[in-house]
Amino acid sequence: MTSATPSAAPLGPRGSQGAADAPASRADRIGDAALDLLVERGMRGLTHRAVDERAGLPQGSTSNHARTRQALLETAVRRQVQLESRVLTPDELPGAAGPGPADRPDAAAADGGPDAGTGTAHAGAGAAHPGAGTRFDADALVDALSLALHRYLTDHRALLVSRYELALEATRRPELRAFFDTAGSVFHRPLVAMTAAAGSTDPERHALSLIAWCEGLMFSCAAGSFHAAVPSRAELRTGFEELLRGMLGPGPGPGQPESGGAAGGRGGRCRA
């Protein structure tokens, strides 16, 4: 079974930034092992003893770090959020400080397609977001959403499985639900800011619609009827273009001329 921890560069096999960095902390090792167990065995397979064994730690280490099952689940949620933030890198957000992917030498090859290498984010980008008064056209938001979602679906699908295991458990544990929602709020705020910067007149509602579309598509591709057919980035762009045209008002879609119609007929295999 694929590890729940991101494997694509620049992350190492357990979510570290590479061999030159310091070894993962004990908390990170416990969190990584917990996510791996959720992917392989489901919630029933997540025990303190199993985490010790998977992480290669002395027996009792996980219990010392997280004495209760609730504390162990919170450790897993915290690590899930950290790893998702690395997949959906905040420095690539529209309006974020620092160079975007288009400034990088390998940008053209990042996605294997002609439109690869533009900014990223989706309902799960990190803490950075456009500042007050920042404006950018909807193309930047479409690029951000499509690149990040494509990256998640193609390179980090095990993280989706652990995400849904934790989300379902949260429906049965009110105390975990509160923790899960608070941790996930770091993904909601940047998207609200980006939809506002793209010209939305109701960014909270529009962000909710985008999140719901992303969540539905991620579930369909991770565990639903489209699990064997991950859409291309071009197909994801089409879906986001159609959504944003409806949200931001009439006129040409992002990246389309006045006579261009609806995204040149690029159909998505895995649309919500």
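## Two crossing helices

The axes of helices H1 and H6 cross at roughly 85 degrees and come within 9 Å of each other. Axes here are lines fitted to C-alpha atoms, for helices over the stretch in contact, and angles run from 0 to 180 degrees between N-to-C directions. H1 and H6 are therefore roughly perpendicular to each other, the term for angles of 65 to 115 degrees (under 35 is roughly parallel, over 145 roughly antiparallel, and the rest oblique).

In this contact (heavy atoms within 4.5 Å), Leu35, Leu38 and Val39 of H1 meet Ala158, Leu159, Val161, Ser162, Glu165 and Leu166 of H6. By class, seven of these residues are nonpolar, one is polar and one is charged. The nonpolar class holds Ala, Val, Leu, Ile, Met, Phe, Trp, Tyr, Cys and Pro, the charged class Asp, Glu, Lys and Arg, and the polar class the others, Gly among them.

## The model and its overall build

This is a predicted model, in which local features need pLDDT of at least 70 and side-chain atom pairs count only at pLDDT 80 or more, while totals for chains, interfaces and linings use all residues. Residues are numbered from 1 along each chain as its sequence is written, and side-chain values use heavy atoms, with hydrogens and water left out.

The chain has nine helices and zero strands. Both are DSSP runs numbered from the N terminus (helices: H or I, at least four residues; strands: E, at least two). Of the 272 residues, 49% count as buried. Buried means under 20% relative accessible area, exposed over 50%, and partly exposed in between (1.4 Å probe, protein chains only). Among contacts between residues at least 6 apart in sequence, 70% join residues at least 24 apart.

## The nonpolar core

In soluble globular proteins, nonpolar side chains tend to be buried together. A nonpolar core is a set of buried Ala, Val, Leu, Ile, Met, Phe, Trp, Tyr and Cys residues joined through side-chain atoms within 4.5 Å. The largest such core in this chain has 53 residues, of which Leu46, Val51, Leu149, Leu153, Leu166, Leu191 and Phe240 touch the most other members. Among the elements that give two or more residues to this core are H1 (26-41), H2 (48-55), H6 (157-172) and H8 (203-222). H8 supplies the largest share, eight residues.

Leaving aside neighbours within four places in sequence, Leu46 is in contact with Ala34, Leu37, Leu38, Val51, Arg69, Leu72 and Leu73. Val51 also belongs to the buried residues of H2, together with His48, Ala50, Asp52 and Ala55. The cover over these buried residues includes H1, H3 (61-65) and H4.

## An aromatic pair

A search of the whole structure finds two aromatic pairs. In one of them, the rings of Tyr164 and Phe219 have centres 5.5 Å apart and planes at 80 degrees, so the pair is edge-to-face. Rings of Phe, Tyr and Trp (its six-membered ring) pair if their centres lie within 6.5 Å; planes under 30 degrees apart count as stacked, over 60 as edge-to-face and the rest as tilted.

Tyr164 lies in H6 and Phe219 in H8, 55 residues apart, and the pair thus links distant parts of the chain. Tyr164 is buried, with a relative accessible area of 15%, whereas Phe219 is partly exposed at 42%.
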